[in-house]
Amino acid sequence: MATPNTHGSLRIKLLRLILGALLLLGGTTLLASGALIYSTDRAVQAKREQELLSGLEEKARLLGFNQALALRSLVADNLFGDVKALIHQTVSENNDIAYGLFFDAENRVWAASGLARVPASKDAPSPAAPSFTAADMESLGISTTHPSRLVLRRRQNPLGGDDVLEVAAPVLSEGTHAGTVIYGISTRSVVERMVQARDLAANRLVTTLGLIVALILGSGAASYFLVKRVAVHITEPLLALRTAAGAIATGLRSSAPPTESPIVDRKKWERVQITSGDELELLGAAFNSMVEANEQAFEELRVKTEQALEASRMKSEFLANMSHEIRTPMNGILGVIRLMQNQSLDGKMRRYVETVDASANTLMSIINDVLDFSKLEAGKYVAQHVSYDLRLVIQEVAELMASQAHEKGLELVYRVERRVPTGVVGDPDRFRQVLTNLVGNAIKFTDRGEVLIDASTSQQDKATALIKLSVVDTGPGIAPDDQKKLFAAFSQVDGSLVRKHGGTGLGLAISKRLVEVMGGEVGLDSTPGQGSRFWFTIRVGVTAGGEQIRSAEWASGRRALVVENSRSWRDVVVEHLVAWGFDAESAASGRDAINRLELAVLEKRPFSAAVVGVQMDDLGLEEFLRTIQSVPALQTLPVVALYHMGSSVTLSGMDSSMVTQLPKPLRVSELYNTLQSALTGASTPPPSKPGAEPGKIASKLPVLVVDDNEINRYVAMEQVEQLGLRVETACNGQEALECVKRKRYVAVLMDCQMPVMDGYTATQEIRAWERSRNRHTVIIALTAHALVGERDRVLAAGMDDYLAKPVRPQSLQKTLWRHVVLSRDEPGSSPSPSAPELEAARAPVLDPEVPRSRKLIELVLKNVPAQLDGLEGVIRSAVAAEIKANAHKLKGSMLSIGATRVAELAEKMQLAAGQGELPQAGDLARLRDEFDSVSAALREELAATAKAT
């Protein structure tokens with residue numbers, strides 16, 4: 001609060017009010033007077049100008065009439081010299097006449113004075129004729145048409161300078177046209193007189209306005225001194241009231257120590273004494289009564305505040321205990337469910353387990369919402385500041401929510417503006433939480449259409465950026481009255497939505513508070529019946545610039561066609577293709593795309609590639625491909641098919657070697673690599689996929705799991721063993737300490753809340769024991785506490801990382817991989833595997849993430865052996881081009897079912913053949929051996945599918 005003003009602010013306001021009114025009145029008078037004088041002068045000047053022009057016109061008529069009479073006899077007698085002398089004399093004797101000329105009935109110029117001359121015409125009527133012709137007059141804008149009567153017109157002077165009043169008079173001889181005389185009379189005299197008149201009017205206007213301004217300033221000065229003397233009687237009592245109120249506020253603000261409540265015992269607050277005998281005295285008495293009432297209210301508030309602080313402290317302790325007590329059993333429930341899902345279950349039992357898993361996750365989501373809201377309510381949350389990849393988080397959220405959208409028949413699209421930085425500093429977990437909540441709500445309440453995630457930046461420099469995320473849906477929209485309560489806790493627009501969709505009504509309230517903690521704001525734009533647009537901003541640090549869209553020489557000059565039912569996906573793909581260097585076009589239907597492809601061939605400007613969405617309204621992908629492959633010039637056109645994740649298309653009975661299928665939401669880097677590989681033949685690394693990495697840890701040392709809860713120990717033990725690692729257990733921190741002293745471990749998973757010795761103390765003891773032995777064991781905390789600061793607490797205790805219960809297998813795996821090196825040079829460690837063994841360990845026989853239908857498996861088992869026989873035949877023929885084509889075809893078939901190892905061998909053979917090299921001895925045999933493994937795995941899947949159905 002600023003220091004109270006002691007210079008009579010009300011007095012200044014009164015002065016400003018009076019002076020402002022006077023200035024407004026004076027300004028209005030000044031403007032009105034100026035406008036009146038100006039308009040009057042303009043009218044007088046216009047009238048004067050008209051009179052001068054009328055006089056000039058009369059002079060021109062008289063000149064034309066007299067000259068026509070004088071020339072009549074001269075022309076009749078054919079006195080050329082006299083006509084010329086008369087014209088020249090008239091022009092030279094009168095300075096206002098700019099030029100004059102006479103031409104006869106046959107448009108021959110007899111005399112011209114004051115006009116520029118030109119070389120003589122070859123068709124001059126006589127040697128005595130002037131060198132000025134009718135064509136010359138036309139070039140100067142002088143009409144050669146003979147008027148029937150005297151004509152006046154204003155025009156530009158053909159010689160430059162002021163405008164002229166041109167008079168043209170017919171010369172009649174015995175009733176017939178003998179010629180025309182023309183004079184141009186300058187308007188310079190009229191212009192000069194009008195300039196003088198305007199200058200005089202301007203001087204008169206300035207003088208008048210100056211007098212008005214002087215009167216206004218004099219009146220303002222007199223009013224100022226008068227108001228200043230009167231205002232003091234009003235402002236002094238008010239100043240006393242303000243001083244007393246400021247003293248109360250200052251004393252209240254400064255009396256409490258920083259660590260105590262601001263509501264403390266007060267001495268008697270200051271009263272005011274006003275004896276003005278008017279309403280101001282009544283105001284002073286009311287102020288004193290208010291002070292007395294406030295003294296009593298503040299005393300009651302002090303007591304209640306102390307009680308509230310104690311209740312808040314107890315609430316925080318209760319929240320921490322409840323977090324631990326709830327998450328501990330939930331960790332056991334969810335962990336056992338995931339372990340059961342990894343077992344071989346029949347159809348009915350698997351459905352039971354999946355139902356329990358869905359219900360448990362829903363319960364965990366509700367618990368997390370309540371705990372998060374409680375933390376935010378208590379002010380216990382502080383945003384993290386760590387480096388992360390912003391684009392990757394957006395991509396992960398889109399991929400995570402895609403299945404929910406596709407199950408409802410919705411399209412989920414995400415777009416990241418080119419200027420959005422890649423490396424940022426902020427809180428990735430909370431950013432992901434807010435974005436996931438908004439996208440989940442959009443999918444939940446949208447029945448048809450699409451959901452768009454749009455990331456942009458409006459402010460950015462070298463150090464910081466303001467990122468704006470928008471989630472746009474095509475749902476029912478939200479009425480303006482309902483929008484006001486949407487971000488309130490435990491609130492939903494319609495109570496029936498709770499029964500239909502579930503939820504606690506806390507998601508948007510939590511998101512709003514998290515965004516505010518991250519330095520941003522959240523908002524909503526919605527129209528009923530037209531969908532909604534939820535948006536939020538966050539301010540992040542910029543660690544490394546980077547753009548996902550990048551130009552490429554291999555794409556420059558090539559044409560690409562995008563065929564996609566979703567307009568948003570069309571725009572996103574076209575935007576990236578154009579940025580890479582493609583000349584990109586788009587089509588909304590398959591038949592339109594086919595027509596464009598065929599037309600481009602006829603125009604000899606063929607497309608180099610096509611990006612096709614599987615969900616076309618008019619054609620299926622297979623029909624589309626058959627149609628374009630029936631055109632010889634399009635048989636080798638690379639096609640990238642975009643399908644909804646988990647629903648790729650089986651291409652049966654046709655050559656699908658030129659088709660690559662990519663899932664949506666589309667990873668732009670995958671599209672870039674696919675097009676580059678298809679158009680240049682360059683090998684690109686396969687996209688990284690989440691999942692297990694067998695053989696990542698080469699050490700034979702076990703993992704120690706420390707937890708006092710038997711179920712949690714069992715769950716953690718099973719999860720670690722499924723990663724291919726050995727496990728030992730301990731029940732408390734004391735046992736863990738003794739185990740570490742006796743034996744070395746690759747890592748220790750340490751619970752924090754345990755009897756005998758907790759995880760914090762055990763870690764500190766382990767670190768103290770290791771310092772003298774130059775050792776360091778990786779210790780990862782497993783805690784059910786949800787309060788902020790838990791991560792800092794475990795790191796301060798000496799632990800290496802932190803995992804919150806319930807622990808997800810993927811999170812456990814990533815954390816172990818991050819902290820445990822590839823191999824350890826320790827006693828008892830296994831020997832390093834050979835290169836083929838490592839390659840086999842890295843690449844599974846079949847990619848578990850690639851969907852394979854029964855029909856697709858049967859087609860592969862039926863057709864691929866024939867492809868291998870064909871490849872063997874062309875290898876014997878030693879034709880490199882055919883080897884390349886057959887290997888490429890085999891690679892496409894293998895990628896469609898996720899047989900990455902066979903696809904890699906086929907790709908190596910294809911690239912070697914492209915360089916003119918024939919396969920080495922044993923390459924085909926190795927290819928067949930690998931396919932035998934694939935065939936066995938495919939038959940097992942067929943048998944499992946048949947048993948399940």
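Buried here means under 20% relative accessible area, and that cut-off comes up in several of the views below. The model is a predicted one.

**Figure 1. The whole chain, before zooming in.** We're looking at a protein chain with 25 helices and 22 strands. Of its 949 residues, 42% are buried. Take the contacts with a separation of 6 or more: residues 24 or more positions apart account for 69% of them.

**Figure 2. Helix H20 and what covers it.** H20 runs over residues 809–819, and its buried residues are Leu 812, Gln 813, Thr 815, Leu 816 and Trp 817. What sits over them?

Figure 3. Follow the chain for 15 residues and you get to Thr 729, whose C-alpha atom is 9.0 Å from that of Tyr 714.

**Figure 4. Helices H17 and H18 side by side.** Two packed helices are described by the angle between their axes and the distance between the axes, so let's start there. For H17 (residues 733–742) and H18 (residues 759–771), the axes come within 9 Å and cross at roughly 20°. Angles under 35 degrees count as roughly parallel, so H17 is roughly parallel to H18. The crossing is right-handed.

**Figure 5. The residues between H17 and H18.** Which residues do the touching? On the H17 side they're Gly 733, Leu 737, Val 740 and Lys 741, and these meet Ala 762, Glu 765, Ile 766, Trp 769 and Glu 770 of H18. Sorted by class, this contact has five nonpolar residues, three charged ones and one polar one.

**Figure 6. Thr 90 and its surroundings.** Thr 90 lies in helix H2, which covers residues 80–93. With a relative accessible area of 13%, Thr 90 falls under the 20% cut-off, so this residue is buried. Which residues does Thr 90 contact, leaving aside neighbours within four places in sequence? They're Leu 63, Gln 67, Ile 97 and Tyr 183. With Gln 67 there's also a polar contact, 3.3 Å between the two side chains.

Conventions: Residues numbered from 1 in each chain as written. Predicted model: local features only at pLDDT ≥ 70, side-chain atom pairs only at ≥ 80, totals over all residues. Heavy atoms only, no water. Axes fitted to C-alpha atoms, helices over the stretch in contact; angles between N-to-C directions. Helix = DSSP H or I, 4+ residues; strand = E, 2+ residues; numbered from the N terminus. Parallel < 35°, antiparallel > 145°, perpendicular 65-115°, else oblique. Left-handed = near helix turned anticlockwise from the far one by under 90°. Contact = heavy atoms within 4.5 Å. Nonpolar A, V, L, I, M, F, W, Y, C, P; charged D, E, K, R; others polar. Buried < 20%, exposed > 50% of the residue type's maximum accessible area, 1.4 Å probe, protein only. Polar contact = N/O pair within 3.5 Å; in protein donor to acceptor, adjacent residues only side chain to side chain.
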